[in-house]
Amino acid sequence: MENTATHTNVDQAELAKFSDLAHRWWDPESEFRPLHQINPLRLDWINGIAPLQGKKVLDVGCGGGILTDAMARSGAHALGIDLATKSLKVAQLHALEAQTPNVQYREVAVEALAAEQPASFDVVTCMEMLEHVPDPSSIVRACAQLVKPGGHVFFSTLNRNAKSFLFAIVGAEYVLNLLPRGTHEYAKFIRPSELARDCREAGLEWQHTRGMEYNPLTRRYWLSGDTSVNYMVATQRSL
């Protein structure tokens, strides 16, 4: 593995936060329960827009590999990248134990991989990561460089407004305890208009958006047209 932890577009506190929880990535009742619950929704949405079977796929900021693993099991040749060493080791161990086919993991910054393998992937995903880095626009540019012309790039992140502060921080972290306190920092949330600008400047065409909602009584997530809190975006690189 390359040692790229000194790359400038990294928040060391964020890396440490997720590294401390690394051993719990694959426990569906752990702090990562929400990721396990929303993963089928994300996977089906991605697969419906850009069928994964036989495709070369990159998952940026893969953490313990929950989405990476699922995409590989859907028929993709999947590469997950992250800068949290412990999380990657957990992802690799799970792939070995579960005998997941066609999945690999690397410790490398997305900008470094973009310089190394431009226009190499049919699909690039970057989920729940942009709100954890100092310069999200740099991530968007790198993702655009990595995908083949005509290929798809998917992002998910958190909108920045009063409702998202109430739901994603106060509600999820302090009231419902869905996430560890301090998981998110409101100032790093990204409005769709800001992400749309970064995508446009990177040569990505904004195509579809979906919101994700949660009912604390039924403990159920679903996709909707409401992008005021959690939202996902499908983009396509210009030919």
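These legends describe close-up views of a predicted model.

**View 1. Helix 4, residues 85-98**. Helix 4 has 14 residues. From first C-alpha to last, helix 4 reaches 20 Å, close to the 20 Å expected at 1.5 Å a residue. Ser87, Leu88, Ala91, His94 and Ala95 are its buried residues. Seen down the axis of helix 4, these fall within an arc of 120°, so they line one face. Lys86, Lys89, Leu96 and Glu97 are exposed on the other side. Gln99 follows helix 4, and its phi is positive, near 55°.

**View 2. Arg24 in its loop**. Arg24 sits between helix 1 (12-20) and helix 2 (33-49). Arg24 counts as partly exposed, at 28% relative accessibility. Leaving out residues up to four places away in sequence, Arg24 touches Ser30, Glu31 and Phe32.

**View 3. The salt bridge of Glu116 and Arg106**. The two side chains meet at 3.0 Å, N to O. Glu116 belongs to helix 5 (residues 110-116) and Arg106 to strand 3 (residues 103-107), ten residues apart. Arg106 is buried, with a relative accessible area of 17%. Glu116 is partly exposed, at 44%.

**View 4. The salt bridge of Asp122 and Lys148**. Their closest N and O atoms are 3.1 Å apart. The pair links strand 4 (residues 121-127) to strand 5 (residues 147-158). Lys148 is partly exposed, with a relative accessible area of 31%.

**View 5. The salt bridge of Asp226 and Lys163**. The closest N and O atoms are 3.1 Å apart. Asp226 lies in the loop between strand 7 (220-224) and strand 8 (230-237), whereas Lys163 is in helix 7 (residues 162-175). Asp226 is partly exposed, with a relative accessible area of 27%. Lys163 is partly exposed too, at 33%.

Definitions and conventions. Residues numbered from 1 in each chain as written. Predicted model: local features only at pLDDT ≥ 70, side-chain atom pairs only at ≥ 80, totals over all residues. Heavy atoms only, no water. Helix = DSSP H or I, 4+ residues; strand = E, 2+ residues; numbered from the N terminus. Expected span 1.5 Å × (residues − 1). Buried < 20%, exposed > 50% of the residue type's maximum accessible area, 1.4 Å probe, protein only. Arc of directions from axis to C-beta. Contact = heavy atoms within 4.5 Å. Salt bridge = Lys/Arg side-chain N within 4 Å of Asp/Glu carboxyl O.
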